[in-house]
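I am opening a notebook on a structure that is new to me. The entries follow the order in which I looked things up.

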Amino acid sequence: MSAFSDADSAHMARALQLAARGQYSAHPNPMVGCVIVSDGEVVGEGWHESAGEAHAEINALAAAGQQAQGATAYVTLEPCAHHGKTPPCAPALIDAGIARAVVAMQDPYKEVAGRGLQHLKSAGVPTELGLMQAAAESLNAGFIARVTRGRPLVRVKVAASIDGAIAMMSGESQWITGSEARADVQRLRARSGAIMTGIGTVLADDPSLNVRLESLPELQPLRVVLDSELRMPEGARMLGLPGKTLVCCSGNPDPAALEGAGAEVTSFGAAGSKVDAARVLEDLAQRGVNDVLVEAGPALTGHLLEQQLVDELVIYQAPHIMGSQTRRMFQTPSWQSLADRKRLEISDVRCVGADTRITARVQY
């Protein structure tokens with residue numbers, strides 16, 4: 001039997017809802033929510049709204065005021081106990097007189113990693129860990145990936161017909177999915193620290209790869225182009241837009257013209273004939289990128305899949321058939337048997353307008 005009550009679960013569920021409000025603005029920090037409850041009544045709520053600003057616990061304590069004395073704090077992530085850009089949260093909870101702390105998950109960040117929980121316990125605050133842990137981990141999967149394995153979570157977005165086509169053989173693909181699905185992709189972009197594509201897509205489509213919904217924050221994700229031979233045009237549309245563009249090559253071509261056009265150019269070496277994507281991802285993690293959204297053609301997405309660098313697929317499937325003379329989702333090596341297939345664990349299926357969005361984790 002669970003040690004947590006139904007009320008505990010309800011309050012933690014609310015804390016997770018609050019945490020999700022930071023999905024477009026908290027990165028590279030994790031999304032965190034906090035609810036403070038006294039005598040069964042919620043007296044304070046808060047979430048981490050933006051990197052460099054007050055953490056969820058501090059916002060909730062400010063809302064609770066003196067009512068935090070003797071109350072229970074429900075926090076989706078272990079309170080920090082170190083000084084970063086803001087003061088630590090565990091001592092703030094102690095100083096406010098919190099009598100109990102319920103925490104969804106331990107913070108994997110090395111500067112925290114159990115220290116916040118121990119700080120609370122050492123001060124005599126009963127502290128319980130693990131309520132709705134899976135939901136808390138799912139919310140911050142990108143942050144966890146970055147701090148534990150040294151590379152971001154990689155999410156590949158694909159728009160396809162129900163028979164798996166992403167374009168006609170001529171390259172015609174606008175628009176396979178409807179306006180609702182395209183707006184949903186804008187929200188995916190806004191949640192991501194970087195958007196990655198290949199030079200083939202840039203040369204064929206000249207994409208913007210920016211966030212274009214007025215209701216979303218102005219902060220633009222880093223645009224990343226894998227371009228082994230540095231064929232990126234100086235007049236590419238994305239170079240004239242707000243935000244930064246990183247062009248990743250594999251040799252040592254002269255970057256002066258592109259840098260003059262506003263791009264950052266970095267060589268990452270080669271993996272076969274392609275840019276070493278694993279090294280690119282390591283670099284993005286060092287830049288504080290938690291989530292990478294890949295919007296690319298089948299050559300790059302197939303390469304990333306084959307290199308086991310794809311964590312999640314988000315497939316927008318339109319209710320029409322495009323036939324056999326089409327381009328497919330992934331360009332892969334010649335798989336000869338069912339043993340070569342990549343298994344997926346579908347985590348979510350829902351309608352987005354007339355289309356279906358399928359979210360699946362890749363099982364390696």
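**Entry 1: a helix and its cover.** I note at the start that this is a predicted model. I began with what lies over the buried residues of helix H6, and I found that the cover includes helix H5 (133-139), strand S6 (153-161), helix H10 (277-286) and strand S14 (291-294). H6 itself spans residues 141-149, and its buried residues are Gly142, Phe143, Ile144, Ala145 and Arg146. I then looked up its direction: H6 lies across S6 and S14 and runs at about 135 degrees to S6. After H6 comes Gly150, with a positive phi near 80 degrees.

**Entry 2: the sheet.** I wanted the strand order next. I found an open sheet of nine strands with mixed pairing, in the order S11-S10-S9-S8-S14-S6-S15-S18-S17. The edges are strand S11 (264-267) and strand S17 (343-352); each has a single partner strand, so one side of each has no neighbour in the sheet. On average, neighbouring strands of this sheet are turned by 25 degrees against each other, direction ignored.

I picked one pair to follow in detail. Strand S8 (residues 194-198) pairs with S14 in the parallel sense, over three bridges. Which residue of S14 is the bridge partner of Ile195? I read off Leu293.

Entry 3: I looked up helix H11 (residues 298-306). H11 lies across S6, S8, strand S9 (222-226), S14 and strand S18 (355-363), and runs at about 110 degrees to S8. S6 and S14 are also the strands that H6 lies across.

In the loop between H11 and strand S15 (312-318) I found Gln308. Gln308 is not a glycine, yet its phi is positive, about 60 degrees. Gln308 is partly exposed, at 45% relative accessible area.

Entry 4: I kept a general point in mind here: most residues other than glycine have a negative phi, and most peptide bonds are trans. Met132 also has a positive phi of about 60 degrees without being a glycine. Met132 sits in the loop between strand S5 (127-129) and H5. With a relative accessible area of 28%, Met132 is partly exposed.

I also found a cis peptide bond between His27 and Pro28, with omega about 15 degrees. Pro28 is in the loop between helix H1 (6-20) and strand S1 (33-38).

**Entry 5: cysteines.** How many disulfides are there? The count comes to zero. I checked two cysteines to see why. For Cys80, the closest cysteine sulfur is that of Cys89, and at 3.8 Å it is too far for a bond, because a disulfide needs the two sulfur atoms within 2.5 Å. Cys80 counts as buried, at 7% relative accessibility.

For Cys249, the closest cysteine sulfur is in Cys248, 7.9 Å away, which is also too far for a bond. Cys249 is buried, with a relative accessible area of 2%.

**Entry 6: rings and charges.** I looked for aromatic pairs and found zero. I then turned to charges over rings. The charged end of Arg21 sits over the ring of Trp47, 4.7 Å from its centre. Arg182 lies over the face of Trp175, and the distance to the ring centre is 4.4 Å.

**Entry 7: two loop residues.** Ile162 is in the loop between S6 and strand S7 (165-168). What does Ile162 contact, leaving aside its neighbours within four places in sequence? I found Gln317, Ala318, His320 and Ile321. I also noted Met322, which is 160 residues from Ile162 in sequence but 8.2 Å from it in space, C-alpha to C-alpha.

Ala113 is in the loop between strand S4 (100-103) and helix H4 (115-122). Is Ala113 buried or partly exposed? Ala113 is partly exposed, at 36% relative accessible area. Not counting residues up to four places away in sequence, Ala113 touches Glu78, Gln106 and Asp107. Pro79 is 34 residues from Ala113 in sequence, and the two are 9.9 Å apart in space, C-alpha to C-alpha.

Note on methods
Residues are numbered from 1 along each chain as its sequence is written. This is a predicted model: local features need pLDDT of at least 70, side-chain atom pairs count only at pLDDT 80 or more; totals for chains, interfaces and linings use all residues. Side-chain values use heavy atoms; hydrogens and water are left out. Buried means under 20% relative accessible area, exposed over 50%, partly exposed in between (1.4 Å probe, protein chains only). Helices (H or I, at least four residues) and strands (E, at least two) are DSSP runs, numbered from the N terminus. Contact means heavy atoms within 4.5 Å. Two strands pair if DSSP finds at least two bridges between them. Axes are lines fitted to C-alpha atoms, for helices over the stretch in contact, and angles run from 0 to 180 degrees between N-to-C directions. Rings of Phe, Tyr and Trp (its six-membered ring) pair if their centres lie within 6.5 Å; planes under 30 degrees apart count as stacked, over 60 as edge-to-face and the rest as tilted. A charge sits over a ring if NZ of Lys or CZ of Arg is within 6 Å of the ring centre and within 35 degrees of the ring normal.
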